[in-house]
Amino acid sequence: MGLPNEGEVRGKINKVKGTVKENIGHAVGNPDMESDGAAERRSGSIQESVGKAGRKVGDAVKDLGKAIRK
């Protein structure tokens, strides 16, 4: 398993930022901030998933290349 790629890292960061914003919005009674945070959290989750998929494809191609060279 390879190291996390840029998409995964950015996705994790956006998930955390969204969660924080969502919780602050909820705590202060600001539904717009809460909604924006939830959207950012979901977007970050998707971004992270796409990054993971890309890494797995890259790892599979690398493994296939090694198998062909043998």
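Here is a walk through this structure, from its overall build to its charged pairs and surface patches.

Before we start, keep in mind that this is a predicted model, where local features need pLDDT of at least 70, side-chain atom pairs count only at pLDDT 80 or more, and totals for chains, interfaces and linings use all residues. Residues are numbered from 1 along each chain as its sequence is written, and side-chain values use heavy atoms, with hydrogens and water left out.

Let's begin with the big picture. The protein has 2 helices and 0 strands; helices (H or I, at least four residues) and strands (E, at least two) are DSSP runs, numbered from the N terminus. Helix α1 covers residues 6–28, and α2 runs over 31–69. Now look at the overall dimensions: along its principal axes, the C-alpha trace spans about 60 × 15 × 10 Å. The radius of gyration is 17 Å, while a compact globule of 70 residues would have one near 11 Å. That radius is taken over C-alpha atoms, and the globule rule is 2.2 Å times the number of residues to the power 0.38.

How many of the 70 residues count as buried? The share is 17%, where buried means under 20% relative accessible area, exposed means over 50%, and partly exposed is in between (1.4 Å probe, protein chains only).

What links the two helices? Side chains of opposite charge can pair when their charged atoms come close. Such a pair is called a salt bridge when a side-chain nitrogen of Lys or Arg lies within 4 Å of a carboxyl oxygen of Asp or Glu, and by this rule the count comes to 8. Take R55 and E8, whose side chains meet in a salt bridge at 2.7 Å, N to O. R55 sits in helix α2 and E8 in helix α1, so this pair ties together parts that are 47 residues apart in sequence. R55 is buried, with a relative accessible area of 10%, and E8 is buried too, at 2%.

Next, find E40, which has two partners to look at. With K17, E40 makes a salt bridge of 3.7 Å, N to O. Here K17 belongs to helix α1 and E40 to helix α2, so the bridge joins parts 23 residues apart in sequence. E40 also pairs with K21, this time at 3.0 Å, N to O. K21 lies in helix α1 as well, so this pair ties together parts that are 19 residues apart in sequence. Back at E40, its relative accessibility is 17%, so E40 counts as buried, whereas K17 at 44% and K21 at 32% are partly exposed.

Finally, check out the surface. Patches are made of residues with over 30% relative accessible area and no salt bridge: like charges are joined within 9 Å, and nonpolar side chains (Val, Leu, Ile, Met, Phe, Trp, Tyr) within 5 Å. V16, V20, I24 and V28 make up a nonpolar patch, with about 350 Å² of accessible area together, an area that comes from the Shrake-Rupley method with a 1.4 Å probe, where for residues only the protein chains shown count as cover. One of them, V16, is in helix α1 and is exposed at 54%.

There's also a patch of positive charge, where K62, K66, R69 and K70 gather. Lys and Arg count as positive and Asp and Glu as negative, while His and the chain ends are not counted; the place of a charge is taken as NZ of Lys, CZ of Arg, CG of Asp or CD of Glu. K70 is found in the segment after α2 and is exposed, with a relative accessible area of 86%.
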